[in-house]
Amino acid sequence: MKGMSLIVKTITNIIIGFIFIYGLYIILHGHLTPGGGFAGGVIIAGAFVVRFLAFGSEMSSEKKLSKTASVFESIGGLLFIGIAILGLFLAGTFFLNFLPKGTPLHLWSAGIIPFCNIAIGIKVGAGLFSIFLALAAIKYVMEE
Amino acid sequence: MIIFASCIILFLIGLYAIVTKRNLIKIAIGFALIEYSVNLLFALIGFRRDALAPIITQLNVPHKFVDPIPQALVLTAIVIALGTTALMLTVILRIYNRYKTFDIAEIKKLRG
């Protein structure tokens, strides 16, 4: 897939940093403000989609990007189930909130909920990027 | 009462698009309209009069909140709608690659 003109590439280089930081903010403050893992993951996938649309396949081919997205999706899923099983081994119940709860309305509070939000954000971002690649970028072989 | 009736009207518009149209993409848009109307109706059921959004921002809690449980269920329903829409569009792409048309009146040769 071809990239776009030089002006689009320069502006995209500036803007995807801001989009990524905004998605990370929505993920990390999931226990204080609306949003959380799923909404932040969608915004992070948006940053990757904009980068792929502006640069095309010049930076890395579609197959390599698809394999990398699949690896990150598996990492997100394993992290989420790892936190749940860690609750089983350290405290006795599956998915128990075993970290200290802290003071309410601070960033370091609510036990394991921020880490679960981060795992969901990674998985949703990688999954949506793979859906975009499968629908729009990978060429299909025509059957005769 | 009028809000619930307009959600049902949106559902009927989506149903009309699925049943009547001949283009495959318009049928997919009809499915999306049906999913939007059902999610909206379900989230509107938890409304309480003179109540705030269910987010705690200070430690002395105000007295009335809107019901947050339908909002949590609708979040899951939106994710499910995303998955089924992606799968439906992939099947439509495969049909286009095979028959070179989006018209359902011409896709009738079932080959093995």
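1. **Ground rules.** This is a predicted model, in which local features need pLDDT of at least 70, side-chain atom pairs count only at pLDDT 80 or more, and totals for chains, interfaces and linings use all residues. Residues are numbered from 1 along each chain as its sequence is written, while chains are lettered from A and ligands numbered from 1 in the order in which they are written.

2. **Confidence.** The model has an ipTM of 0.75 and a pTM of 0.83. Chain B averages a pLDDT of 89, with 97% of its residues at 70 or more (pLDDT is the predictor's confidence in each residue, from 0 to 100).

3. **H1 against H2 in chain A.** Two packed helices are described by the angle between their axes and the distance between the axes. Helix H1 (residues 6-28) of chain A packs on H2(A) at about 170°, with the axes 8 Å apart.

4. **H2 against H4 in chain A.** The axes of H2 (residues 37-55) and H4 (residues 113-137) of chain A come within 7 Å and cross at roughly 40°, so these two are oblique to each other. Among the residues making the contact are Phe48(A) and Phe52(A) of H2(A) and Leu128(A) and Phe132(A) of H4(A) (contact means C-beta atoms, placed from the backbone, within 7 Å).

5. **Between the chains.** The contact takes 10 residues from chain B and 10 residues from chain A. On the chain B side there are seven nonpolar, two polar and one charged residues (nonpolar is Ala, Val, Leu, Ile, Met, Phe, Trp, Tyr, Cys and Pro; charged is Asp, Glu, Lys and Arg; the others, Gly among them, are polar).

6. **Two angles to look at.** Most residues other than glycine have a negative phi. Asp50(B), in the loop between H2 (24-44) and H3 (69-99) of chain B, has a positive phi near 55°. Lys100(B), in the segment after H3 of chain B, has a positive phi near 60°.

7. **Buried or exposed?** Asp50(B) counts as exposed because it has 6 C-beta neighbours inside 10 Å. Lys100(B), with 9 such neighbours, is also exposed (exposed means 12 or fewer, buried 20 or more, partly exposed in between).

Definitions and conventions. Axes are lines fitted to C-alpha atoms, for helices over the stretch in contact, and angles run from 0 to 180 degrees between N-to-C directions. Helices (H or I, at least four residues) and strands (E, at least two) are DSSP runs, numbered from the N terminus. Angles under 35 degrees count as roughly parallel, over 145 as roughly antiparallel, 65 to 115 as roughly perpendicular and the rest as oblique. Two residues are in contact if their C-beta atoms, placed from the backbone, lie within 7 Å.
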